[in-house]
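I have opened my notebook next to a structure that is new to both of us. Here is what I looked up, entry by entry.

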Amino acid sequence: MRQAGRYLPEYREVRAKAGGFLNLCFTPELAAEVTLQPVRRFGFDAAILFSDILIIPHALGRSVRFEAGEGPRLDPLNRVEDIEALPGKADARILAPVYETLRLVKRELDSKVTLLGFCGAPWTVATYMIAGGGTSDQAPARLLAYREPKAVAMLIDVLIDACIDYLSAQLEAGADAVQLFDTWAGILPPHEFARWSIDPAKRIVAGVRARMPNAKIIGFPRGAGALLPDYVEKTGVDAVSIDWAAEPKMIRERVQNHVAVQGNLDPLALIAGGDALDRAVDEVLSSYGQGRLIFNLGHGIQPETPIAHVEQMVRRVRGSRA
């Protein structure tokens, strides 16, 4: 999950210097700096590329802007003719600064620290493109998928190709592994989940591995619940992220015995701190620590998270390995 953000004063300083969120993402020296800041401060085992899942729509010629306090805004892509008019490929020139950021970070990192790249999964990116931003349930995309499935399939196909190119280039630029974020997978019923989340992820994994056979890929179909074992089996990911609502017994018996799991501390437990945080950390470790586990949050870190609580979490996890 994104490590940098407004909870860090050093991040806020660089963000102010950049003058805007997209400026920060597309200025390699600044994006590299904020990628490295959490590793310097907390000694994490991995650095996560600082970027955003909506970089791909921007590279496909869609207007993307970030408004303070309101999140991302795009021009809604809710007409069939507009989807048909999309370019077939993302503009590689727009994405080039992201790859330069990875190269800069790689040069600065200790060889023992893993560098992770990422992109948004096609369904999740499509929900933002169709709605023009985030909503409580991304209903505009769900409705369009029911009413105009061929048009949505066309959009998903464009995004699959863009993801394959983008993730492959990140790996070539120095990422040790990449993650596919499907933040809105959990809103889909089973048949639609298979169509819009599993199948695109499967095609992306196969497409990246056709170019880079040893590529390590982590999937994150947030909210997948009981559908997670099917996602793991059919997509071919090397690891899967789980959110804090995942049922431990099911994950151990049907997921972790096939792939590594990443997660799944509740970000609110991290905000709470104290004994509640210690108990939450211990629960993750006791549930999954006997198998392959990448300890992480179950979703992104919140802006109001106290730095001292992150330090407490790291001490608790590392103390358990002493």
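**Arg254 and the ground rules**

I began with Arg254, which is partly exposed, with a relative accessible area of 45%. I use buried for under 20% relative accessible area, exposed for over 50%, and partly exposed for in between, with a 1.4 Å probe and protein chains only. Arg254 sits in helix α12. From Arg254 to Pro28 I count 226 residues in sequence and 41 Å in space, C-alpha to C-alpha.

I note that this is a predicted model, in which local features need pLDDT of at least 70 and side-chain atom pairs count only at pLDDT 80 or more, while totals for chains, interfaces and linings use all residues. Residues are numbered from 1 along each chain as its sequence is written, and side-chain values use heavy atoms, with hydrogens and water left out.

**The whole chain**

I looked up the helices and strands next: the protein chain has 15 helices and nine strands. Both are DSSP runs numbered from the N terminus, helices being H or I with at least four residues and strands being E with at least two.

Its C-alpha atoms fill a box of roughly 60 × 45 × 40 Å, taken along the principal axes.

Of the 322 residues, 55% are buried. I also checked contacts, meaning heavy atoms within 4.5 Å. Among those between residues at least 6 apart in sequence, 71% join residues at least 24 apart.

**Helix α14 and Asp278**

Helix α14 covers residues 274-288. This helix has 15 residues and reaches 22 Å from its first C-alpha to its last, close to the 21 Å expected at 1.5 Å a residue. The expected span is 1.5 Å times one less than the number of residues.

Which residues of α14 are buried? I found Leu277, Asp278, Val281, Val284, Leu285, Ser287 and Tyr288. Their cover includes α12 (248-254), β8 (260-265), α13 (267-272), β9 (293-297) and α15 (307-320).

Not counting residues up to four places away in sequence, Asp278 touches Gln312 and Arg316.

Gln256 lies in the loop between α12 and β8, and at 9% relative accessibility it counts as buried. The side chain of Gln256 reaches the backbone oxygen of Tyr288 at 2.9 Å. Leaving aside neighbours within four places in sequence, the contacts of Gln256 are Ile251, Val261, Tyr288, Gly291, Arg292 and Leu293.

**Helix α6**

Helix α6 (residues 92-108) has 17 residues and spans 25 Å from first C-alpha to last, close to the expected 24 Å. Its buried residues include Leu95, Val98, Leu102 and Val105. The buried residues of α6 pack against α3 (28-42), α4 (55-59), β4 (114-120) and α9 (149-172). At the N-terminal end, Asp91 caps α6, with a side-chain oxygen 2.9 Å from the backbone nitrogen of Arg93.

I looked for a cis peptide bond and noted the one from Gly263 to Asn264, with omega near -10°. Asn264 lies in strand β8. Gln138 has a phi near 50°, a positive value in a residue other than glycine. I placed Gln138 in the loop between α7 (122-131) and α8 (139-147), and Gln138 is buried, with a relative accessible area of 0%.

**Cysteines**

How many disulfides does the structure hold? I found zero disulfides, taking one to be a pair of cysteine sulfur atoms within 2.5 Å. For Cys25, the nearest cysteine sulfur, that of Cys119, is 14 Å away. Cys25 is buried at 1% relative accessibility.

Methods
Polar contact = N/O pair within 3.5 Å; in protein donor to acceptor, adjacent residues only side chain to side chain.
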